[in-house]
Amino acid sequence: MGLTEKFVRQCRKPEGFFGRFVGRAMNKGHAKVRRWGLGHVSGEPCAIILDVGCGGGAALRDMASIFPGARLHGVDYSHDMVSLARKVNKSLIDKGRLEISHGSVSALPFPDISFDLVTAFEACYFWPDLVQDLREIRRVLRPGGTLLLVNEVYENDMFRDRNKRWAAWADMQIHSPAGYRDLLTAAGYGDIEIHEVIARNWVAAVGRKLESPS
Ligand SMILES: C[S@@+](CC[C@H](N)C(=O)[O-])C[C@H]1O[C@@H](n2cnc3c(N)ncnc32)[C@H](O)[C@@H]1O
């Protein structure tokens, strides 16, 4: 198995020595797509934010700067990523602004109506039941709250061969922009926006938990 394949396979659940290396590499390697994605929600009033599949924790660090008054939570089902994200964000944790928990997107360890914004960077490819898992996120959002999904792999002919290879290696579910819109709609989100950078294969999906029950 080549190094690229070994790296991509780890992305599903980074563990062990190599997994921690992958977590740190993703903190750096995802910086541009993360910041582009966050640009779509940075004007929103957010007092409390959750990052699902937080990996090595760089998105939490970035969001602490973008939303200076906000409290932050991260969750990941890899114990090694929970430890790494805590290490990377030690000063925010010491200040009482950030908590990182072990847990799955399918059963988030938070009560209903807990968050103004829930983000997931490069993570939803791996979720076991995307519509159900998006509903679980909707449960923890406040009415009017926002979901942001950001990925640097989506269904597009320009990247077809690479994406097919990566999807096979890491068992990734890859969707088209229209597919993301349908998934968010099926999970009960409204005010959906889909943004793309076609030349880079970046996609950001934004949805809101509408005030009236659906
Ligand atoms: C490709 S990594 C991205 C990490 C980080 N968000 C970033 O952009 O660098 C995907 C992360 O999602 C986590 N993950 C995948 N499926 C998950 C699930 N069902 N519940 C919670 N975390 C999950 C993995 O453990 C991994 O840390």
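Biologist: Is Arg142 buried, exposed or partly exposed?

Modeller: Keep in mind that this is a predicted model. Buried means under 20% relative accessible area, and exposed means over 50%. Arg142 has 26%, so Arg142 is partly exposed.

Biologist: Why does Asp116 count as buried?

Modeller: The cut-off for buried is under 20% relative accessible area. Asp116 falls below that cut-off, so it counts as buried, with a relative accessibility of 12%.

Biologist: What is the distance between the closest N and O atoms of Arg139 and Asp112?

Modeller: Arg139 is in helix α7, and Asp112 is in the loop between β3 and β4. Arg139 is partly exposed at 23%. Asp112 is partly exposed at 48%. They form a salt bridge, and the closest N and O atoms are apart by 2.8 Å.

Biologist: Which residues are linked in a network with Arg35?

Modeller: Start with the salt bridge from Arg35 to Asp62, at 3.5 Å. That pair joins helix α3 to helix α4. The network of salt bridges links Arg35 with Arg34, Arg61 and Asp62.

Biologist: Asp76 is buried yet has no salt bridge; which side chain of opposite charge is nearest?

Modeller: A salt bridge needs the nitrogen within 4 Å of a carboxyl oxygen. For Asp76, the nearest side chain of opposite charge is 7.6 Å away, and it belongs to Lys13.

Biologist: Which backbone nitrogen does the side chain of Asp76 reach?

Modeller: Asp76 is found in strand β2. Beyond its neighbours within four places in sequence, its contacts include Met81, Ser101 and His102. Its side chain reaches a backbone nitrogen at 2.8 Å, that of Gly55.

Biologist: What arc do the buried residues of helix α9 cover?

Modeller: The buried residues of α9 are Pro177, Gly179, Tyr180, Leu183 and Leu184. They lie on the same side of α9, because the arc they cover around the axis is only 155°.

Biologist: What is the radius of gyration of the protein?

Modeller: The protein has nine helices and seven strands. The globule rule gives 17 Å for 214 residues. The protein comes close to that, so it is as compact as a globular protein of that length, with a radius of gyration of 16 Å.

Conventions:
Residues are numbered from 1 along each chain as its sequence is written. This is a predicted model: local features need pLDDT of at least 70, side-chain atom pairs count only at pLDDT 80 or more; totals for chains, interfaces and linings use all residues. Side-chain values use heavy atoms; hydrogens and water are left out. Helices (H or I, at least four residues) and strands (E, at least two) are DSSP runs, numbered from the N terminus. Buried means under 20% relative accessible area, exposed over 50%, partly exposed in between (1.4 Å probe, protein chains only). Lys and Arg count as positive and Asp and Glu as negative; His and the chain ends are not counted. A polar contact is a pair of N or O atoms within 3.5 Å; within protein, one must be able to donate a hydrogen and the other to accept it, and residues adjacent in sequence count only if both atoms are side-chain atoms. Contact means heavy atoms within 4.5 Å. The arc is that of the directions from the helix axis to the C-beta atoms. The radius of gyration is taken over C-alpha atoms; the globule rule is 2.2 Å times the number of residues to the power 0.38.
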